[in-house]
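Please open the structure in your viewer and keep the sequence beside it. This tour goes from one selection to the next and says what is found at each stop.

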Amino acid sequence: MKKLFLFVIILITSATNLKAQTIFTYYAFNVEPKDANTVLNLYKEYFSNKPSALNGITVSLYQNHFAGKDVPTHEIVFTGTPENLGAAYDSKSTDAWSLLQSELSKYTTEVNAGMGESLSVFGDANSEKYPIQDVYLISIKDKNLFKAKFDAFWSKNNSKDARMSFGSLNTNGADGVTNYVVRSYKNFTDEFTDDASSLNGYSEYMNSVKDIRTVITTRTRILLGKW
């Protein structure tokens, strides 16, 4: 498909073994509360029989739970390798795809878009098991140094009830965001009771990255559907 949804976010995830590269392009969008179920049903109906152009790609729809003025209400995620994602973009658009985009345009408003790459994942790579996600959009001065410190700490301290992800993000210069960190949970109880500060060496880890990392914004999102 030459044009993926006008109103989509694609945050590519990967297994802990990152020998198989994963990349992402993304778009974010807003939906009025009264139209949220309509948009969800449009996605469900279309992806219930996933088009062949999306073979090898996982589609995930998220709603931002604590959406403020500057936070989009929804994000949609397409996960795959560069080859699979490239094939989807290059494939010919269908009437069904065009109709879906036309219907979505009645209920959605585009917010932003960009692309990037997943760099580290610790914990189960199946995001469906972790539908609650705290997303930190950050600016990093030295990506390689941050990744080394991130990997060293979270490879040894990640909880069995949570999942940690780190990647690069190109948001077309939006607020200086360069990277993201995602902390994922199985439910809200795990999220609300999680206390990373109690982990051994957490203070030392945070101090070691404070001069190279700036948190731009945070959000909590919920997985609505996965196809």
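Against which elements do the buried residues of α3 pack? They pack against α1 (36–47) and β4 (108–122), where buried means under 20% relative accessible area, exposed over 50% and partly exposed in between, with a 1.4 Å probe and protein chains only. Before you select them, note that this is a predicted model, in which local features need pLDDT of at least 70 and side-chain atom pairs count only at pLDDT 80 or more, while totals for chains, interfaces and linings use all residues. Residues are numbered from 1 along each chain as its sequence is written, and side-chain values use heavy atoms, with hydrogens and water left out.

**The whole chain**

Begin with the protein chain in cartoon view, which has six helices and eight strands; helices (H or I, at least four residues) and strands (E, at least two) are DSSP runs, numbered from the N terminus. Along the sequence, these elements follow the pattern β-α-β-β-α-α-β-β-α-β-β-α-α-β. Of the 227 residues in the protein chain, 47% are buried.

**Helix α3**

Now select helix α3, residues 95–104, and show its side chains; the buried residues here are Trp97, Leu100, Gln101 and Leu104. These residues lie on the same side of α3 because they cover an arc of only 95° around the axis, the arc being that of the directions from the helix axis to the C-beta atoms. Turn to the other side of α3, and you find Asp95 and Leu99, which are exposed.

**α1 against α3**

Two packed helices are described by the angle between their axes and the distance between the axes. For α1 and α3 the angle is about 175° and the axes are 10 Å apart; axes are lines fitted to C-alpha atoms, for helices over the stretch in contact, and angles run from 0 to 180 degrees between N-to-C directions. The two helices, α1 and α3, are therefore roughly antiparallel to each other, a term for angles over 145 degrees, whereas those under 35 count as roughly parallel, 65 to 115 as roughly perpendicular and the rest as oblique.

To see the side chains involved, select Val39, Leu42, Tyr43 and Tyr46 in α1, which meet Ala96, Trp97, Leu100, Glu103 and Leu104 in α3, contact meaning heavy atoms within 4.5 Å.

**Salt bridges**

Glutamate 103 is partly exposed at 22% relative accessible area, while lysine 106, at 55%, counts as exposed.

Next, select lysine 186 and aspartate 161, whose side chains meet in a salt bridge at 3.9 Å, N to O. This pair links distant parts of the chain, 25 residues apart, with lysine 186 in the loop between β7 (179–185) and α5 (188–193) and aspartate 161 in the loop between α4 (143–157) and β6 (162–170).

For the last stop, select aspartate 194 and arginine 183, whose side chains meet in a salt bridge at 3.2 Å, N to O. Aspartate 194 lies in the loop between α5 and α6 (202–209), and arginine 183 lies in strand β7. Which of them is buried and which is partly exposed? Arginine 183 is buried, with a relative accessible area of 5%, and aspartate 194 is partly exposed at 28%.

Technical notes:
Salt bridge = Lys/Arg side-chain N within 4 Å of Asp/Glu carboxyl O.
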